[in-house]
Structures are given as structure tokens and as C-alpha cells.
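Please brief me on the pockets in this protein. I want to know what lines them and which parts of the chain contribute.

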Amino acid sequence: MLRAMLTYIDGTFVEDEHATVNVRSRALNYGLGCFGGIRGYLSDDGEQVFVFRLDAHIERLEESAKILYMQLPGSQAEVCDIVLDLLRRNNVHEDIYVRPLVINNSNLLAPVLREEDSSFICYCMPLKRYIDKDAIDVCVSSWRRVRDNAIPSRTKPTGGYLNSALARREAMDNGFDEAIFLTEDGVVSEGSAEHVFLVRRGVVYSPPSTKDNLDGITRRSLIEMVTEDLGLSFVERDIGRTELYVADELFLCGTGAQVTPVRSVDRRLLGDGTVGPITAKIQSHFDDVVHGRVPHRNDWLTPVWG
Ligand code: PMP
């Protein structure tokens, strides 16, 4: 059972059950909001919780808010402090997921975006695995990724997740674990909540963030790790659908998914169906970084305690 948690809402910390919005809220009726998703990892000695790339997540949230005519309740540093305060008040000593949320909390009719209607909410929950499998079977969705110039997919817009939810539902109804979206132009965009990386002939590829996908923080971090720490070749370019089928290795990544190996795409087995060596190396290095075992990457970690 989930333990009772405190949630931050517009300047106060309240019990989860009291952190509610009105049924008339524009956020609920029209999907007017944007959010983040941040992870904290319990250190190996169990003494510390490291929040991964807190600054980058709050920076992206502010950018999402700006695009959607919303605003944060203070500077990026102040919002980072709210996140840390939340984790301390909840006495977090475990792997944790944090969800900061900016919503349009006006209860009036019509979808209207106004900075002054912004409410800031932040809650957290213990989280181990978002995808509870060692390797997954994915499909290419029949749903196209919503274009950045329709519902800005560079941001994490609340309403935009209808697109993700439709793709996930279709994937699951058809016996897959996850879906990969193509853009309206037919190139690989991203998963329902993850970015896509492909390995072919020793080179790592990922489509650019201009392909209607989120400005991803795990993706950005992995590109640095892959090139600088692991010395692998990385190329950012369009990826065609059929390249997915002939990849030697494929993995999805994200704050929730971390590094999740893909076993098959549209029932085409990749490699010999086991986790490939490059994916395994990246996955293990990512795990080391987020747990504070790679000293030169510790500036990506914000300790909650001490
Ligand atoms: N794409 C989408 C649509 C997502 O919701 C997420 C999860 N935040 C990602 C990609 C992964 O992004 P990040 O690494 O910043 O969590």
C-alpha cells in the first residue's frame, strides 16, 4: 500500500487527499497544464537520496510553462528548493519519483491561457521500475506523434498525453509492452513516454528533439555518457521505421523507463533477442551515474540529506 504523502500546492504542504482541484478547473476540462517527472535514487549506503538533474528538469518545466503562457511560483532555484523541501518533509529514504505540475487553475469556461492563472503543485511517490520487465516488445503505433506545432511536444503538456495514452492502449491491446510513434512525416519520433536509441554496426543513433519529441533530459544525459564516458560513436539523425527492424540493438530511455532494452519491434526479433552488449554497457553506466558511483558526474546529482 502507498504510504500517506504530503503534497505541495500553491505555498502549502497538505495531505495528499486534500490536494485537489475543482471539477471546473481549466486544467481538467481542457488539459491546460504542463509537468515534469524527476527521480531520486537511494545511494548504495542507504544514507542519501540523489535527485538526478534537478536543475535541468526545473529549467525544462519553466520553458514548458513559457511556451504555454504559464508561470512557475518563483525562480528556478526556489522551485528546486520546493522539491527538496517536499522530499525532506516526506522523510524520503528510498527510490522516489517527483511530479511537479503547473496547471491553469481558473474555473471559468473556455480554453484561455493566462500566466496569472497558474497553480504550482508538486507530489512524490516511491518508484522502483516504471516498466517492470528486463526487455520489452514494442510496436510502431498507428497513431502519429502530435506535432510540435499542434500541441507542443517539446514540452510535457498535460493534454498531449491523450496521444500517448491512445498509443499505449493500442499497444497493450495488441500484446505489446510499449509503442513507438512516427511523426506525421513517417520518421521515428519517440515512445509514449520515452526516447528511442538504436545501435547498428557499433554506432548509436537517436532522432533529434525537433522530430516532435520531448526535450528529454535522460536522452541528453545519455548522449554525453555515450560519447564522453564510454567513447562510443553517436549520430543524431532521422530514423526510418524499417531501421527499427534491422537494428542490432534498441532501447528506450526516460526518467521513468531509465534504460529499457527492446527485444522486438512489430514481432521482428532484434539480434538474438537478448540484451545487446552496447545497451548493457550504457544501462550499467547510467545506473552507476544516478547512484553517485561516477565522481565526474556527481554534479548531476542533488543530495536530499545533509
Ligand atoms: N518522451 C515523453 C513523451 C515523455 O513523457 C518522457 C518522460 N518524461 C520522455 C520522452 C523522457 O524524457 P526525460 O528523459 O526528460 O524523462
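In this predicted model, the lining of the largest pocket divides into 10 nonpolar, 10 polar and seven charged residues. The pocket has a volume of about 450 Å³. The second largest pocket has a volume of about 300 Å³.

**Largest pocket: residues**
- The lining counts 27 residues.
- Closest to the centre are Tyr97, Arg99, Tyr130, Lys156 and Ala193.

**Largest pocket: elements and domains**
- At least two lining residues come from each of α2 (54-67), β6 (96-104), α4 (161-173), α5 (217-229) and β14 (249-254).
- The largest share belongs to α4, which supplies three residues.
- Domain 1 (6-126) and domain 2 (136-290) each provide at least three residues of this lining.

**Second largest pocket: residues**
- Here 20 residues form the lining.
- Arg129, Ala257, Gln258, Val259 and Gln283 are the closest to the centre of this pocket.
- By class, the lining splits into eight nonpolar, five polar and seven charged residues.

**Second largest pocket: elements and domains**
- Three elements to look at are β4 (38-42), β15 (258-265) and α7 (277-290), each with at least two residues in the lining.
- β15 gives the most, with four residues.
- Why does the second largest pocket lie between domain 1 and domain 2? Both domain 1 (6-126) and domain 2 (136-290) give residues to its lining, so the pocket lies between them.

How values were computed. Residues numbered from 1 in each chain as written. Predicted model: local features only at pLDDT ≥ 70, side-chain atom pairs only at ≥ 80, totals over all residues. Heavy atoms only, no water. 1 Å grid on protein atoms, 1.4 Å probe; cavity = no way out; pocket = protein on both sides within 12 Å on 5 of 7 lines; lining within 4 Å. Points joined across faces, edges and corners; volume = space filled by probe spheres on them. Nonpolar A, V, L, I, M, F, W, Y, C, P; charged D, E, K, R; others polar. Domains from an automatic or database assignment.
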